[in-house]
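Here are my notes on the model, point by point. Please read them with the structure open.

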Amino acid sequence: MTEITSRRGLLFGAAAVSAGALLTGCTSNEPSDSKDEPAGNDQPAADDKPGKQVTIGFAGPQADHGWLNAINDNAKSRAEKYSDVTLEITEGSNDTAQQIGQIETLINKKVDVLVVLPADGKALTQVGLKAMRAGIPVVNLDRIFNTPQAYRCWIGGDNYGMGLNAGHYIGEKLKGKSGARVIELAGLDNLELTKQRTQGFDDALKNYPNIKKVARQAAEFTVESGQAKMAQLLQAQSKFDALWNHDDDQGVGALRAIEQAGRDDFLMVGGAGALSAFQAIKQDDGVLKATVLYPPTMAASAIDLARALGQSKGIGGLAEFEIPSSLTLYSAVVDKTNIDQYMSTGFK
(Lines give C-alpha, C1' and ligand atoms only; values in the text may rest on other atoms or scores of the structure.)
Protein backbone atom coordinates (compact mmCIF):
# COMPACT_ATOMS: atom_id res chain seq x y z
CA MET A 1 0.00 0.00 0.00
CA THR A 2 1.03 3.63 -0.13
CA GLU A 3 3.65 5.19 2.11
CA ILE A 4 3.59 8.94 2.49
CA THR A 5 4.68 11.74 4.72
CA SER A 6 1.46 13.71 4.59
CA ARG A 7 1.43 17.17 3.03
CA ARG A 8 -1.89 18.97 3.29
CA GLY A 9 -1.23 22.09 1.26
CA LEU A 10 -4.36 22.39 -0.85
CA LEU A 11 -7.58 20.47 -0.35
CA PHE A 12 -9.95 20.00 -3.25
CA GLY A 13 -13.50 18.72 -3.38
CA ALA A 14 -14.65 15.16 -2.94
CA ALA A 15 -11.67 13.10 -4.13
CA ALA A 16 -9.24 13.14 -7.03
CA VAL A 17 -12.17 13.95 -9.25
CA SER A 18 -11.91 17.45 -7.78
CA ALA A 19 -8.34 17.91 -8.91
CA GLY A 20 -9.38 16.58 -12.29
CA ALA A 21 -12.19 19.10 -12.46
CA LEU A 22 -9.73 21.90 -11.97
CA LEU A 23 -7.33 20.38 -14.45
CA THR A 24 -9.86 20.09 -17.23
CA GLY A 25 -9.33 23.75 -17.94
CA CYS A 26 -5.61 24.52 -18.23
CA THR A 27 -4.73 27.96 -19.45
CA SER A 28 -1.73 29.47 -21.15
CA ASN A 29 0.85 31.52 -19.31
CA GLU A 30 0.52 34.19 -21.99
CA PRO A 31 -1.13 37.39 -20.71
CA SER A 32 -4.63 38.25 -21.79
CA ASP A 33 -5.14 40.69 -24.64
CA SER A 34 -8.07 42.24 -22.83
CA LYS A 35 -7.41 45.53 -21.05
CA ASP A 36 -10.65 45.35 -19.09
CA GLU A 37 -10.29 41.91 -17.52
CA PRO A 38 -7.50 40.45 -15.40
CA ALA A 39 -5.06 38.00 -16.97
CA GLY A 40 -4.93 34.38 -15.96
CA ASN A 41 -7.76 31.91 -15.81
CA ASP A 42 -10.40 34.27 -17.14
CA GLN A 43 -8.94 33.20 -20.47
CA PRO A 44 -10.74 30.40 -22.34
CA ALA A 45 -9.89 26.97 -20.98
CA ALA A 46 -7.88 25.06 -23.56
CA ASP A 47 -6.96 21.84 -21.81
CA ASP A 48 -8.79 19.41 -24.10
CA LYS A 49 -7.59 21.14 -27.25
CA PRO A 50 -4.40 19.70 -28.76
CA GLY A 51 -1.35 21.77 -27.96
CA LYS A 52 2.40 21.36 -27.81
CA GLN A 53 3.52 17.73 -27.98
CA VAL A 54 4.64 16.50 -24.54
CA THR A 55 6.51 13.31 -23.69
CA ILE A 56 5.78 12.21 -20.13
CA GLY A 57 7.92 9.60 -18.41
CA PHE A 58 6.03 7.53 -15.82
CA ALA A 59 7.78 5.40 -13.20
CA GLY A 60 5.98 3.55 -10.44
CA PRO A 61 6.45 0.51 -8.21
CA GLN A 62 5.39 -3.03 -9.04
CA ALA A 63 1.62 -3.36 -9.20
CA ASP A 64 1.38 -6.01 -6.48
CA HIS A 65 -1.77 -4.53 -4.95
CA GLY A 66 -5.12 -3.60 -6.46
CA TRP A 67 -4.59 0.08 -5.71
CA LEU A 68 -1.18 0.18 -7.42
CA ASN A 69 -2.54 -1.59 -10.48
CA ALA A 70 -5.27 1.04 -10.62
CA ILE A 71 -2.62 3.77 -10.45
CA ASN A 72 -0.98 2.39 -13.60
CA ASP A 73 -4.31 1.98 -15.39
CA ASN A 74 -5.37 5.54 -14.55
CA ALA A 75 -2.09 7.00 -15.84
CA LYS A 76 -2.28 5.05 -19.11
CA SER A 77 -5.92 5.79 -19.83
CA ARG A 78 -5.51 9.48 -19.07
CA ALA A 79 -2.51 9.80 -21.39
CA GLU A 80 -4.43 8.05 -24.17
CA LYS A 81 -7.07 10.75 -23.92
CA TYR A 82 -4.65 13.35 -25.27
CA SER A 83 -3.39 13.35 -28.86
CA ASP A 84 -0.51 15.63 -27.80
CA VAL A 85 0.84 13.31 -25.06
CA THR A 86 3.30 10.46 -25.47
CA LEU A 87 3.66 8.29 -22.37
CA GLU A 88 6.95 6.51 -21.72
CA ILE A 89 6.09 4.07 -18.94
CA THR A 90 8.60 1.86 -17.14
CA GLU A 91 8.08 -1.67 -15.89
CA GLY A 92 7.12 -1.25 -12.25
CA SER A 93 9.63 -2.31 -9.64
CA ASN A 94 9.80 -2.43 -5.84
CA ASP A 95 13.59 -2.67 -6.04
CA THR A 96 14.94 0.80 -5.28
CA ALA A 97 18.09 0.45 -7.40
CA GLN A 98 16.09 -0.83 -10.36
CA GLN A 99 13.57 1.99 -10.17
CA ILE A 100 16.37 4.56 -9.95
CA GLY A 101 17.90 3.02 -13.08
CA GLN A 102 14.56 3.20 -14.89
CA ILE A 103 14.14 6.87 -14.00
CA GLU A 104 17.71 7.65 -15.08
CA THR A 105 16.90 6.04 -18.44
CA LEU A 106 13.93 8.40 -18.80
CA ILE A 107 16.16 11.34 -17.89
CA ASN A 108 18.69 10.29 -20.54
CA LYS A 109 15.86 10.08 -23.08
CA LYS A 110 15.16 13.73 -22.26
CA VAL A 111 11.45 13.32 -21.61
CA ASP A 112 9.65 16.63 -21.10
CA VAL A 113 8.16 15.82 -17.68
CA LEU A 114 8.48 12.96 -15.19
CA VAL A 115 5.72 11.47 -13.07
CA VAL A 116 7.19 9.34 -10.29
CA LEU A 117 5.47 7.22 -7.67
CA PRO A 118 8.57 6.00 -5.82
CA ALA A 119 8.77 2.59 -4.20
CA ASP A 120 10.53 4.47 -1.38
CA GLY A 121 10.29 8.27 -1.31
CA LYS A 122 13.40 8.78 0.80
CA ALA A 123 15.56 6.41 -1.26
CA LEU A 124 14.55 7.98 -4.59
CA THR A 125 14.97 11.61 -3.56
CA GLN A 126 18.38 11.90 -5.24
CA VAL A 127 17.10 10.76 -8.63
CA GLY A 128 14.26 13.27 -8.33
CA LEU A 129 16.85 15.97 -7.70
CA LYS A 130 18.86 14.74 -10.68
CA ALA A 131 15.85 15.13 -12.97
CA MET A 132 15.03 18.60 -11.68
CA ARG A 133 18.66 19.71 -12.11
CA ALA A 134 18.56 18.39 -15.66
CA GLY A 135 15.64 20.72 -16.36
CA ILE A 136 12.98 18.00 -16.29
CA PRO A 137 10.11 18.95 -13.96
CA VAL A 138 8.94 16.14 -11.71
CA VAL A 139 5.41 15.41 -10.57
CA ASN A 140 5.89 13.42 -7.36
CA LEU A 141 2.94 11.07 -6.96
CA ASP A 142 1.80 10.15 -3.45
CA ARG A 143 4.93 8.77 -1.74
CA ILE A 144 6.82 11.94 -1.12
CA PHE A 145 10.49 12.73 -1.67
CA ASN A 146 12.51 14.03 1.27
CA THR A 147 12.82 17.54 -0.11
CA PRO A 148 10.56 19.78 -2.23
CA GLN A 149 13.64 20.49 -4.36
CA ALA A 150 13.20 16.99 -5.86
CA TYR A 151 9.83 17.80 -7.43
CA ARG A 152 7.92 20.64 -9.04
CA CYS A 153 4.54 19.42 -7.81
CA TRP A 154 3.41 16.80 -5.33
CA ILE A 155 -0.04 15.20 -5.63
CA GLY A 156 -1.34 12.51 -3.33
CA GLY A 157 -3.83 11.26 -0.81
CA ASP A 158 -4.57 12.23 2.76
CA ASN A 159 -3.98 9.33 5.13
CA TYR A 160 -4.81 11.35 8.23
CA GLY A 161 -7.98 12.51 6.49
CA MET A 162 -8.98 8.92 5.78
CA GLY A 163 -8.95 8.12 9.47
CA LEU A 164 -10.60 11.41 10.38
CA ASN A 165 -13.50 10.91 7.97
CA ALA A 166 -13.93 7.24 8.92
CA GLY A 167 -14.09 8.24 12.58
CA HIS A 168 -16.62 11.00 11.97
CA TYR A 169 -18.80 8.73 9.84
CA ILE A 170 -18.86 6.06 12.53
CA GLY A 171 -19.28 8.70 15.24
CA GLU A 172 -22.38 10.13 13.59
CA LYS A 173 -23.87 6.67 13.09
CA LEU A 174 -23.38 5.83 16.79
CA LYS A 175 -24.07 9.30 18.15
CA GLY A 176 -27.18 8.32 20.11
CA LYS A 177 -25.82 5.05 21.48
CA SER A 178 -24.56 5.01 25.05
CA GLY A 179 -21.40 2.99 25.71
CA ALA A 180 -20.67 2.39 22.01
CA ARG A 181 -17.65 0.19 21.29
CA VAL A 182 -15.45 0.47 18.20
CA ILE A 183 -12.57 -1.68 16.89
CA GLU A 184 -9.92 -1.01 14.23
CA LEU A 185 -8.26 -3.28 11.66
CA ALA A 186 -5.18 -1.32 10.62
CA GLY A 187 -2.55 -1.86 7.93
CA LEU A 188 1.18 -2.44 8.36
CA ASP A 189 2.27 -0.75 11.56
CA ASN A 190 5.78 -0.03 10.28
CA LEU A 191 4.40 2.34 7.64
CA GLU A 192 3.91 6.02 8.41
CA LEU A 193 0.63 5.99 6.52
CA THR A 194 -0.84 3.47 8.97
CA LYS A 195 0.11 5.66 11.91
CA GLN A 196 -1.46 8.68 10.22
CA ARG A 197 -4.70 6.83 9.52
CA THR A 198 -4.96 5.62 13.10
CA GLN A 199 -4.19 9.10 14.44
CA GLY A 200 -6.93 10.64 12.31
CA PHE A 201 -9.39 7.97 13.44
CA ASP A 202 -8.54 8.48 17.11
CA ASP A 203 -8.76 12.27 16.79
CA ALA A 204 -12.22 12.02 15.24
CA LEU A 205 -13.51 9.69 17.94
CA LYS A 206 -12.51 12.25 20.60
CA ASN A 207 -15.52 14.26 19.42
CA TYR A 208 -17.87 11.48 20.54
CA PRO A 209 -17.61 10.86 24.30
CA ASN A 210 -20.08 7.99 24.09
CA ILE A 211 -17.66 5.96 21.93
CA LYS A 212 -14.68 3.95 23.13
CA LYS A 213 -12.16 2.17 20.89
CA VAL A 214 -11.73 -1.19 22.59
CA ALA A 215 -9.37 -3.08 20.25
CA ARG A 216 -6.94 -2.68 17.36
CA GLN A 217 -5.10 -5.23 15.20
CA ALA A 218 -2.59 -4.54 12.44
CA ALA A 219 -2.87 -6.59 9.24
CA GLU A 220 -0.65 -6.42 6.14
CA PHE A 221 -2.86 -5.08 3.33
CA THR A 222 -3.50 -8.63 2.07
CA VAL A 223 -6.62 -10.78 1.96
CA GLU A 224 -4.97 -13.51 4.05
CA SER A 225 -3.78 -11.19 6.82
CA GLY A 226 -7.13 -9.41 6.88
CA GLN A 227 -8.93 -12.70 7.44
CA ALA A 228 -6.53 -13.89 10.14
CA LYS A 229 -6.45 -10.63 12.12
CA MET A 230 -10.19 -10.12 11.85
CA ALA A 231 -10.77 -13.62 13.18
CA GLN A 232 -8.63 -12.71 16.20
CA LEU A 233 -10.60 -9.52 16.78
CA LEU A 234 -13.91 -11.37 16.59
CA GLN A 235 -12.72 -13.98 19.09
CA ALA A 236 -11.52 -11.32 21.51
CA GLN A 237 -14.50 -8.97 21.16
CA SER A 238 -17.87 -10.62 21.57
CA LYS A 239 -19.68 -7.30 21.41
CA PHE A 240 -18.87 -4.12 19.48
CA ASP A 241 -20.80 -1.65 17.35
CA ALA A 242 -18.47 -0.60 14.52
CA LEU A 243 -15.27 -1.58 12.74
CA TRP A 244 -12.95 0.56 10.66
CA ASN A 245 -10.75 -1.41 8.26
CA HIS A 246 -7.90 0.61 6.68
CA ASP A 247 -7.80 -1.20 3.34
CA ASP A 248 -10.44 -2.76 1.10
CA ASP A 249 -8.10 -5.49 -0.20
CA GLN A 250 -7.51 -6.85 3.31
CA GLY A 251 -11.20 -6.14 3.88
CA VAL A 252 -12.05 -9.02 1.53
CA GLY A 253 -10.41 -11.35 4.06
CA ALA A 254 -12.01 -9.53 6.98
CA LEU A 255 -15.46 -10.04 5.47
CA ARG A 256 -14.72 -13.77 5.06
CA ALA A 257 -13.86 -14.03 8.75
CA ILE A 258 -17.02 -12.12 9.68
CA GLU A 259 -19.18 -14.41 7.55
CA GLN A 260 -17.52 -17.52 8.97
CA ALA A 261 -18.19 -16.25 12.50
CA GLY A 262 -21.82 -15.56 11.63
CA ARG A 263 -21.60 -11.98 12.86
CA ASP A 264 -23.83 -9.19 11.58
CA ASP A 265 -24.31 -7.11 14.72
CA PHE A 266 -22.09 -4.13 13.78
CA LEU A 267 -21.35 -1.76 10.92
CA MET A 268 -18.10 -1.80 8.98
CA VAL A 269 -16.32 1.03 7.16
CA GLY A 270 -13.53 0.24 4.69
CA GLY A 271 -10.73 2.20 3.09
CA ALA A 272 -9.29 2.99 -0.37
CA GLY A 273 -12.21 2.41 -2.76
CA ALA A 274 -12.06 -1.11 -4.22
CA LEU A 275 -14.76 -2.18 -6.66
CA SER A 276 -15.62 -5.17 -4.46
CA ALA A 277 -16.31 -2.81 -1.56
CA PHE A 278 -18.45 -0.55 -3.75
CA GLN A 279 -20.47 -3.52 -4.94
CA ALA A 280 -21.05 -4.75 -1.37
CA ILE A 281 -22.11 -1.27 -0.26
CA LYS A 282 -24.59 -1.01 -3.14
CA GLN A 283 -25.98 -4.48 -2.45
CA ASP A 284 -26.43 -3.44 1.20
CA ASP A 285 -27.04 -6.91 2.62
CA GLY A 286 -23.98 -7.19 4.89
CA VAL A 287 -22.01 -5.31 7.53
CA LEU A 288 -19.99 -3.17 5.08
CA LYS A 289 -21.83 0.13 4.83
CA ALA A 290 -19.18 2.60 3.62
CA THR A 291 -15.57 3.03 2.54
CA VAL A 292 -13.26 6.04 2.71
CA LEU A 293 -11.42 6.85 -0.51
CA TYR A 294 -7.70 6.95 -1.19
CA PRO A 295 -8.31 7.64 -4.86
CA PRO A 296 -6.06 6.01 -7.48
CA THR A 297 -7.48 8.58 -9.90
CA MET A 298 -4.67 10.76 -8.55
CA ALA A 299 -2.51 9.18 -11.27
CA ALA A 300 -4.82 10.57 -13.96
CA SER A 301 -4.59 14.00 -12.34
CA ALA A 302 -0.79 13.63 -12.22
CA ILE A 303 -0.79 13.14 -16.00
CA ASP A 304 -2.93 16.28 -16.36
CA LEU A 305 -0.46 18.21 -14.20
CA ALA A 306 2.51 16.88 -16.18
CA ARG A 307 0.87 17.87 -19.45
CA ALA A 308 0.17 21.36 -18.11
CA LEU A 309 3.81 21.66 -17.05
CA GLY A 310 5.03 20.50 -20.44
CA GLN A 311 2.82 23.04 -22.17
CA SER A 312 3.57 25.89 -19.70
CA LYS A 313 -0.03 26.12 -18.57
CA GLY A 314 -1.79 26.77 -15.32
CA ILE A 315 -5.03 25.24 -14.06
CA GLY A 316 -8.48 26.40 -15.08
CA GLY A 317 -10.45 27.64 -12.08
CA LEU A 318 -7.39 29.09 -10.35
CA ALA A 319 -6.10 32.63 -10.88
CA GLU A 320 -2.41 31.72 -10.93
CA PHE A 321 -0.48 31.18 -14.15
CA GLU A 322 1.36 28.15 -12.70
CA ILE A 323 0.18 24.83 -11.33
CA PRO A 324 0.29 24.52 -7.51
CA SER A 325 3.31 23.05 -5.76
CA SER A 326 1.13 20.51 -3.94
CA LEU A 327 -2.33 18.99 -4.21
CA THR A 328 -3.75 16.92 -1.36
CA LEU A 329 -6.81 14.92 -2.39
CA TYR A 330 -9.87 14.63 -0.22
CA SER A 331 -10.80 11.27 1.32
CA ALA A 332 -14.51 11.16 0.57
CA VAL A 333 -16.80 8.71 2.35
CA VAL A 334 -18.76 6.54 -0.08
CA ASP A 335 -21.94 4.87 1.17
CA LYS A 336 -25.28 3.89 -0.33
CA THR A 337 -26.28 7.55 -0.71
CA ASN A 338 -23.54 8.35 -3.26
CA ILE A 339 -22.27 4.95 -4.42
CA ASP A 340 -23.47 5.39 -8.01
CA GLN A 341 -21.34 8.53 -8.39
CA TYR A 342 -18.15 6.66 -7.48
CA MET A 343 -18.80 3.15 -8.85
CA SER A 344 -16.78 3.74 -12.03
CA THR A 345 -13.69 4.68 -9.98
CA GLY A 346 -13.55 1.40 -8.04
CA PHE A 347 -10.41 -0.65 -8.57
CA LYS A 348 -10.12 -4.44 -8.82
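**Notes on the predicted model**

1. Start with the core. In the largest nonpolar core, which has 51 residues, Val115, Val139, Leu141, Ile170 and Val269 touch the most other members. A nonpolar core here is a set of buried Ala, Val, Leu, Ile, Met, Phe, Trp, Tyr and Cys residues joined through side-chain atoms within 4.5 Å. Buried means under 20% relative accessible area, exposed means over 50%, and partly exposed lies in between (1.4 Å probe, protein chains only). Helix α10 gives the largest share of this core, eight residues. At least three core residues come from each of domain 1 (52-151 + 297-329) and domain 2 (159-294 + 336-345). Those domain bounds come from an automatic or database domain assignment.

2. A word on conventions. This is a predicted model, where local features need pLDDT of at least 70 and side-chain atom pairs count only at pLDDT 80 or more, while totals for chains, interfaces and linings use all residues. Residues are numbered from 1 along each chain as its sequence is written, and side-chain values use heavy atoms, with hydrogens and water left out. Helices (H or I, at least four residues) and strands (E, at least two) are DSSP runs, numbered from the N terminus.

3. Val139 deserves a look. Not counting residues up to four places away in sequence, Val139 touches Val113, Leu114, Val115, Val116, Cys153, Ile155, Ala302, Leu305, Ala306 and Leu309. Contact means heavy atoms within 4.5 Å. Another core lies apart from the largest one; it has 24 residues, among them Met230, Ile258, Met268 and Val287.

4. Next, the charged pairs. The whole structure holds 15 salt bridges. A salt bridge is a side-chain nitrogen of Lys or Arg within 4 Å of a carboxyl oxygen of Asp or Glu. In one of them, the side chains of Asp304 and Arg78 meet at 2.7 Å, N to O. Asp304 sits in helix α10 (residues 298-310) and Arg78 in helix α2 (residues 66-80), so this pair ties together parts that are 226 residues apart in sequence. Asp304 and Arg78 are both buried.

5. Which residues make up the salt-bridge network? Glu184, Asp189, Asp202, Lys213 and Arg216 are linked in it. Glu184 bridges to Lys213, with the closest N and O atoms 2.6 Å apart. Glu184 belongs to strand β7 (residues 180-186) and Lys213 to strand β8 (residues 211-218), 29 residues apart. Glu184 counts as buried because its relative accessibility is 0%. Lys213, at 26%, counts as partly exposed.

6. Arg216 and Asp189 form a salt bridge as well, their closest N and O atoms being 2.8 Å apart. Arg216 is in strand β8, and Asp189 is in the loop between β7 and α6 (192-205), 27 residues away. Arg216 is partly exposed, with a relative accessible area of 30%. Asp189 is partly exposed too, at 36% relative accessibility.

7. Do β7 and β8 run parallel or antiparallel? They run parallel, joined by seven bridges. Strands pair if DSSP finds at least two bridges between them. Val182 stands opposite Lys213 in β8. From β7 the chain passes through α6 to β8, and this β-α-β crossover is right-handed. Right-handed means that, with the strands pointing away from the viewer, the path from the first strand over the helix to the second runs clockwise.

8. Check helix α4 (residues 125-133). Its buried residues are Thr125, Val127, Gly128, Leu129 and Ala131. They pack against α3 (96-108), β4 (113-116) and β5 (138-141). Just after α4, Gly135 has a positive phi of about 85 degrees.

9. Gln149 lies in the loop between β5 and β6 (153-156). Gln149 is exposed, with a relative accessible area of 59%. Not counting residues up to four places away in sequence, Gln149 touches Leu129 and Met132. Gln149 and Met132 are 17 residues apart in sequence and 7.7 Å apart in space, C-alpha to C-alpha.

10. Finally, the backbone. Asp284 is not a glycine, yet its phi is positive, about 55 degrees. Asp284 lies in the loop between α9 (275-283) and β11 (288-293). Asp284 is partly exposed, at 31% relative accessibility. Ser312, also not a glycine, has a positive phi of about 55 degrees. Ser312 is in the loop between α10 and β12 (326-329). With a relative accessible area of 43%, Ser312 is partly exposed.
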